[in-house]
Structure formats: structure tokens, C-alpha cells
Amino acid sequence: MAETVVVLGASPNPDRYSYKALRMLREYGHTPIPVNPGHDAIDGIPVVRRLDGVSAPVDTVTMYVGPERGRALREEIAGLAPRRVIFNPGS
């Protein structure tokens, strides 16, 4: 089943896990939505600058931001009403 997955803190750096996750999600047929205020596109996928710019229903939010940033976005993440939130190491 394909899911819409927000990749919070997505990076265009191929060495970063957020980039690898973005590519793998797309490879497996999911719809990744990269969120990062500093980029326009990552690997050909348009980037949403802020969580309030996500308009599609969200199945999962996978976090690649530090704990302070994650806490600051708590309400916005909850507003997306995802089925689950994945806290990756360091988040």
C-alpha cells in the first residue's frame, strides 16, 4: 500500500540518511514529501518549505531534525494528523 510520507529535514546531500530515505520511499512506490526551508527540489522532487505547506493527507512523518527543532514543530506535526511519526536517531 503506497503511503504519503513527509520527510522532515530532507537533505539534497546523498550521504545523509534523509536523502537515502527519500529515494527509497519513492523506489518502493510511496509519495515522499520533502520538507526543508532551504531547498527548492531534492532529486527532482519539489520541496515544501514548511509543514503548513503540506496539503495532501499524510500517513507518516519521518523526522530528520534535532530534538529542539522537533519540539518546536510538535503542534504542526499533530495538525497533519499522521498515522505515525518516526523519530530517527538524533531526532
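Figure 1. A pair of aromatic rings is described by the distance of the centres and the angle of the planes. For this predicted model, with centres required to lie within 6.5 Å, the count of aromatic pairs is zero. A ring does, however, take part in another arrangement: the charged end of K20 is placed over the ring of Y17, at 5.2 Å from the ring centre. Y17 is also among the exposed residues of helix α1, on the face turned away from the buried side.

Figure 2. Helix α1 spans residues 17-27, and its buried residues are S18, Y19, A21, L22 and L25. Viewed down the axis of α1, these buried residues fall within an arc of 160°, so they line one face of the helix. The face turned away from them carries Y17, M24 and E27, which are exposed. After α1 comes G29, a residue with a positive phi, near 90°.

**Figure 3. The loop that holds G38.** The loop between β2 (31-35) and β3 (41-42) contains G38. Is G38 buried or exposed? Its relative accessible area is 56%, and with the threshold for exposure set at over 50%, G38 is therefore exposed. Along the chain, G38 and G9 are 29 residues apart, and their C-alpha atoms are separated by 9.7 Å.

**Figure 4. The whole chain as context for the close-up views.** The protein has three helices and six strands, arranged from the N terminus in the order β-α-β-β-β-β-α-α-β. The radius of gyration is 12 Å, close to the 12 Å given by the globule rule for 91 residues, so the protein is as compact as a globular protein of that length. Along the principal axes, the C-alpha atoms fill a box of roughly 30 × 25 × 25 Å. Of the 91 residues, 43% count as buried. Among contacts between residues at least 6 apart in sequence, 57% join residues at least 24 apart. The accessible surface comes to about 5500 Å², and carbon and sulfur atoms account for 52% of this area.

Technical notes
Residues numbered from 1 in each chain as written. Predicted model: local features only at pLDDT ≥ 70, side-chain atom pairs only at ≥ 80, totals over all residues. Heavy atoms only, no water. Phe/Tyr/Trp six-rings, centres within 6.5 Å; stacked < 30°, edge-to-face > 60°. Lys NZ or Arg CZ within 6 Å of the ring centre and 35° of its normal. Helix = DSSP H or I, 4+ residues; strand = E, 2+ residues; numbered from the N terminus. Buried < 20%, exposed > 50% of the residue type's maximum accessible area, 1.4 Å probe, protein only. Rg over C-alpha atoms; globule rule 2.2 N^0.38 Å. Contact = heavy atoms within 4.5 Å. Areas by Shrake-Rupley, 256 points an atom, 1.4 Å probe, with all protein chains shown as cover. Arc of directions from axis to C-beta.
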